[in-house]
Amino acid sequence: MFQPLPFSIGLRYLRAKRRNGFISFISMASILGIIIGVIALITTIAVMSGFQQELRERILGMVAHATVSGIDGPLENWPRAIELAGQDPRVLGAAPYTETESLLQGRQRRGAIIRGVLPGLEPRVSEIAGKMKQGRLDDLKAGEFNIILGQELALMLGVGPGDAVNVFVSEATVTPVGALPRAKRFTVVGVFEAGAQEYDLGLALVHLSDAQRLGRMGEGVTGVRLKLADMWQAWPVARDLSDRMDGFYRVRDWGRDHANFFRALKMEKTVMFILLSLVIAIAAFNLVSSLVMLVQDKQSDIAILRTLGMSPGAVMRVFIVQGLVIGVVGISIGVAGGVLLASNLSHVVRFVEGLVGAELMPSDVYYISGVPTVVHGSDVAMVAGVAFVLCLLATLYPAWRASRTDPATALRYE
């Protein structure tokens, strides 16, 4: 009795037994549809966020958060850049590198990027040392012309540890018989698996000094790679470092190097959110149907309330309250079920694999085995907000129709 009248009547309509069981069935179908839609949307967004994070970690495990490189040629004063980077508390590590496009020849031929690294400094900016399948990163010795290949690249070339690989670079050497491509024989000492085809199939590592001799770069390098405490600050940190150095330099960050890839992932996540929101919209449409039939069933009640002095706006609020309570119940159960399912999806997948006797995502086919999930509070709140807005919109037309009821017409045959 201390509640606002429209709210009290709306709750009473929910608790009262309805004469028309079909209306109750439609209402339950609406709640079930909202629950299923919210669970599906939260789980899908969590899975896509998990894959996005997994891919980002795998890619950033092989590339630096930011790089500072020369503009018209090799970066000669790279020791100064590493010294300045070490003085910045935002920088966790810095290491020089070289990159050269080359053609590798083993039993087969394959193009790849030859990256020159210092084994002692490279673990500061990448996780390559922890991704070695055969050999060690420290097996790269200056002057020995050893090479470490990506796993897919080694398979394509048909070589393994101990085999020789001929490396051809684009710069030509002029001889009395004409220009010949520059080539050097390297010995395979290791194989790594990054879990990203871009690197497993297209990257090879050599010692920095061997890469400098192969590319005739002298003491220069392509640039300096940085690993930061906050990868989202990659651009300003790298720019500050270049500003403290003499001359002009090219600055790049991980977002720019892989902008199209992460933009595509974000677009795919947005499209899936919109498509699965239609499931909730369908449930909201069922809510419209149930409220319209309820309004028709309660014509005499509405007419009596109007004759007792209830305003059309108050009548609208009665049915808005009823529709929103139905929606909030469905949203609450859906959010709880969606978060629970997304948090335990890996266990569900393993249970299903045990039932069917097959691996749904075999590791020998997919780079990411299993189903990674990441539940963000912002995503859950957005799903709940969208569902609430759709339920609110679904109540407006039936409530407006109830407020337009003419008491004299409704009570004529009562």
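**Helix packing and local backbone features in a predicted model**

Helices α11 and α13 are roughly antiparallel to each other (an angle over 145 degrees; under 35 counts as roughly parallel, 65 to 115 as roughly perpendicular and the rest as oblique). The structure is a predicted model, in which local features need pLDDT of at least 70 and side-chain atom pairs count only at pLDDT 80 or more, while totals for chains, interfaces and linings use all residues. Residues are numbered from 1 along each chain as its sequence is written, and side-chain values use heavy atoms, with hydrogens and water left out.

Helix α11 spans residues 312-343 and helix α13 residues 377-403. They pack at an angle of about 155°, and their axes lie 8 Å apart. Axes here are lines fitted to C-alpha atoms, for helices over the stretch in contact, and angles run from 0 to 180 degrees between N-to-C directions. The crossing of α11 and α13 is right-handed, that is, the near helix is turned clockwise from the far one by less than a right angle. On the α11 side, the residues in contact (heavy atoms within 4.5 Å) include P312, F319, G323, G327 and V339. Their counterparts in α13 include V380, F388, C391, W400 and S403.

Across the protein, the secondary structure comes to 14 helices and 10 strands. These are DSSP runs, numbered from the N terminus (helices H or I, at least four residues; strands E, at least two). Of the 414 residues, 46% are buried (under 20% relative accessible area; exposed is over 50%, partly exposed in between; 1.4 Å probe, protein chains only). Among contacts with a separation of 6 or more, 80% join residues 24 or more positions apart.

Helix α12 has 12 residues, 345-356. From first C-alpha to last, α12 reaches 16 Å, close to the 16 Å expected at 1.5 Å a residue, the expectation being 1.5 Å times one less than the number of residues. Its buried residues are L345, V349 and E353. Seen down the axis of α12, they fall within an arc of 80° (from the directions of the axis to the C-beta atoms), so they line one face of the helix. F351, G354 and L355 are exposed on the other side of α12. Just after α12, G357 takes a positive phi of about 70°.

Positive phi also occurs at F145, near 55°, in a residue other than glycine. F145 sits in the loop between β4 (132-134) and β5 (146-150). At 10% relative accessibility, F145 is buried. R216, likewise not a glycine, has a positive phi of about 50°. Its loop runs between α6 (208-215) and β9 (223-228). R216 is exposed, with a relative accessible area of 57%.
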